[in-house]
Amino acid sequence: MPTAVISQTATTPSTTSQNVVKMVGLVLISIGLLGILVAAVGADYLSPVFTGLGGTAVFTVGALLYIWQSRRRKSPAEQNHGLWQQEATSRGASAWVIGFVLTGFYVLLYWFPDTLQGLIQAMEPLSQWLRNRPSDQWFLYGTFYTLAVLIMGVYALLKYRNSRYHIIRTISVMFFQLGFAFLLPGLLLMLNQPEYYFSYFWPLKYDYLFPSTMEYLVRDGAALGVFMIFWGAVFSFLATPVLTYFYGKRWYCSWVCGCGGLAETAGDPYRHLSDKSRKAWRWEVAIIYPILGFVILTTLFLWINSWSEGRLLGDLSGGFAQTYGFFIGAMFSGVVGVGFYPLMGNRVWCRFGCPMAAYLGLLQKHFSRFRITTNGGQCISCGNCSTYCEMGIDVRWYAQQGEPIIRAACVGCGICAHVCPRGVLKLENGPREGRYAGTTLISRDELRILD
Amino acid sequence: MNQIKAQEHLVIIGNGIAGVTLAQRVRKRSACRITIVSAESQLHFSRTALMYVYMGHMRFQDIVPYAYWYWQEQKIELVHDYVERVETSHKKLVLRNGPPLHYDKLVLATGSSAAYYDWPGQTLKGVQGLVSLQDLELMEANTAGIQQAVIIGGGLIGVEMAEMLRSRGIAVTMLIRDKLYWHNVLPEEEARLVTDHIRQHGIELLLQEELQEILADEAGRVRAIHTRSGKELPCQFVGITTGVKPNVDFLKGAGIETEKGILVNEFFETSQPDVYALSDCAQFRNPAPGQPMMEQLWYTARLHAEALASTLLGDRKPYQRGPWFNSAKFFDIEYQTYGTVPAVFTEQQESLYWQNAKATKAIRLLYDKATDKLLGINLLGVRYRHDLCHHWLQQGYTLHQVMQELPAVNFDPEFFQRYEEELLRQYYTRFPDRQPPVKHSTWWELRQRFGLFSDSTSC
């Protein structure tokens, strides 16, 4: 299918200058990537700081230039042009390459960090400046992750620039990633305090309520450590239900969470790749709730073990924790969760794996004021909402029957409402009474997708 | 007796929104055999979404609202075939490929196709309309590698086509008969706002201009067009979007009375017993005063189907459309309308009109001068709640009553700027003796008070 035509006969001066900016951006991206490559493999010949950190900086500038130019040129309604026609965003060859590279990077990071020595060294000055301690693979990962959220955050800001909701939401995820998940933990280390992420909570950050973590926090952090435990427990058991009651799952998943932050920015070009079939939904409920159960059991076992000083459960609870850490913490959330972005969409982890999402989802479904309202009988069944739902919800199913969308999976990103060409959907918090009630302007099927 | 019995066979020709809505509603309360015949596609798809497939926002499978399992579980049979003719005397359909199909009740929901007005050269390669899936496939082929296109007609399909072509970098010129885009429907201010917006998207608009003839190259492809005023515009594609005509040709000799469309009464009954017709292909014999003979919208298709389903299920009620509504999108600007806002107002009509400085948003409330009754609402770039607007119009609200509830009607996303203040300011200037309410009700209060919701069980 042809996607573009050899432009129009006359090229105006403004389009020429736009192309120049884009080309400069691409050149800088390439130089930056080469620098990063040299840092990774050629650390013996050139200072990896110069090539790696310098390359990262050059790459950032180039990417921002390119994104600025290519997004600004398109009006809001044109932003999704060609997504299903271009290889990179429709599971074409380049999408597979990006998927393999990302997956491979995670495998190296988790299990062969020595192979990344050059890049780790490249981040040394940044690590020393921020944390006053040597760089390691997790600092490298954190830096790349934060940069991805920031650079692609700019992409999202430009793409959704006509919507104040998305501008504020995108700035929020950029802020929490940079401040709460990158600078603040680094600063804590600099001040010789325990490394702590104030924007992650149990059960997503499952070890935050493990006895060993608590011991460590109290031992190394003293009063601040006690505050951290208090903070974590309050958010897991009090703030989460209260905030979810008022605003739905979105307050966390698409405003605060780092996984969500990456999905909403770097993952945005892949959101339409999520599977909307009934089969996918069946898999979702069959996987995500057992994982929530798994993490609850593991935590309970660890506490029973700790209280009984190992007499009751022996090594069992430790085995549970290790198994969870390997299969769910590393394999699922990291390798599959991000590595498969270009193939299965940007919320694979959030949809099928995240225990926090499962917990929030149950609250959202049963104890929340949040819903996505369908505007009367206005739906034309076009399918943009379902297509661009990163959680694979068949939004149209409800919209075309004039019903509100209330689904445990919904992270409230609001893109369904944004891509709807008739403005039919609205995220809102309203009274719980009559929350599931639809419009009177359309008669309905009484069929459930999952029975 | 209209009611369909459990052992009877309901056959619907056409799987557009009218045909499938009818099948769904009948299935809800009847165990009869239901078959939908369509030559266009195996599964129902959203016609209004064809443009998004061309622009690469979605694939064809994404514009299919119900997967195959749905039809199987609902026991609605799908036949992908063309109906050659209808033999009403034997209650039989003759199909092009499959065996003939017997029916007990037949519903014609065959839709429409692009209307041509006998222009010289209209059959050349590269000249086409856009209604069906086949039209989209043809457009894909016709526009491959081309540089210039001309669109004839300034309606909703015309601007869709323009947007599609622009997404592939093709230069587009639109020929519009009126002095502004869609000015036969939109009042001057709205029409001007939309016209300017379309121009800002790089579309060349030739206003008060019509097609004279289409010129061919040696290969029999369109090369250029001549306009009425004598201009020659080179182009490799001509989009015909001057309206649609009902698909009724296959009914010749079937004994079903047709004029422009298939003639029906307010129960959608044709001149033949047990044969019904609705939506685009139907034409009302005696439309209610002020109502059109033909209703060819997505929304009216659904309303026709709901009304006919009720008749077929034994609850025989004449079709009465409630307050009018429609919606569309012109590039970046959404359009909603509720009630009736004509292009030109009578002496009796007056309106409150607001638009922003950038001319991307507008609100118009039209009312009757003598009674102050609300007649209709036009919205550009602003969303209102359908349920509440419908309630206002249905209950015959005056403008003054509307103003009491105005802040509850907005449906824009959270954090968006609100414009009701501006309208209220205009209102209090025009009616200085009116007092602002002590407290404005919220949507949720009004929804509860007026019962603007129905319980549903399907989530």
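Domain bounds, as used here, come from an automatic or database domain assignment, and on that basis chain B is divided into domain 1 (9–113 + 245–312), domain 2 (127–242) and domain 3 (325–450). This is a predicted model, in which local features need pLDDT of at least 70 and side-chain atom pairs count only at pLDDT 80 or more, while totals for chains, interfaces and linings use all residues. Residues are numbered from 1 along each chain as its sequence is written, and chains are lettered from A and ligands numbered from 1 in the order in which they are written.

**Chain A**

- Chain A has 18 helices and two strands, where helices (H or I, at least four residues) and strands (E, at least two) are DSSP runs numbered from the N terminus.
- The unreviewed UniProt entry places the feature "transmembrane region" at residues 20–43, 49–68, 93–112, 138–158, 170–191, 222–246, 286–304 and 324–343 of chain A; UniProt positions follow the numbering used here, feature names are shortened, and annotations may be inferred rather than shown by experiment.
- Among these annotated spans, residues 93–112 of chain A are 95% helix and 0% strand, with end C-alpha atoms 27 Å apart, and residues 138–158 of chain A are 100% helix and 0% strand, with end C-alpha atoms 30 Å apart.

**Chain B**

- Chain B contains eleven helices and 25 strands, and its radius of gyration of 24 Å is close to the 23 Å that the globule rule gives for 459 residues, so chain B is as compact as a globular protein of that length.
- The C-alpha atoms of chain B fill a box of roughly 70 × 60 × 40 Å along the principal axes, and the centres of domain 1 and domain 3 of chain B, taken over C-alpha atoms, are separated by 35 Å.
- B:V248 sits in the loop between β17 (244–246) and β18 (262–264) of chain B and counts as buried because it has 21 C-beta neighbours inside 10 Å.
- Leaving aside neighbours within four places in sequence, B:V248 is in contact (C-beta atoms, placed from the backbone, within 7 Å) with B:T258, B:G261, B:I262 and B:C281.

**Where the chains meet**

- In the model, 52 residues of chain B are in contact with 60 residues of chain A.
- On the side of chain B that touches chain A, α1 (17–29), α7 (298–312), β21 (325–330) and α8 (386–394) each supply at least two residues.
- That side of chain B has 21 nonpolar, 17 polar and 14 charged residues, with Ala, Val, Leu, Ile, Met, Phe, Trp, Tyr, Cys and Pro counted as nonpolar, Asp, Glu, Lys and Arg as charged, and the others, Gly among them, as polar.

**Nonpolar core**

- The largest nonpolar core has 241 residues, of which A:C416, B:L22, B:L108, B:V238, B:L278 and B:L308 touch the most other members; such a core is a set of buried Ala, Val, Leu, Ile, Met, Phe, Trp, Tyr and Cys residues joined through C-beta atoms within 7 Å.
- The largest share of this core, eleven residues, comes from helix α6 (residues 137–159) of chain A.
- B:L278, leaving aside its neighbours within four places in sequence, is in contact with B:A18, B:V107, B:A109, B:F268, B:H304, B:A305 and B:L308.

Methods:
Buried ≥ 20, exposed ≤ 12 C-beta atoms within 10 Å, placed from the backbone. Contact = placed C-beta atoms within 7 Å. Rg over C-alpha atoms; globule rule 2.2 N^0.38 Å.
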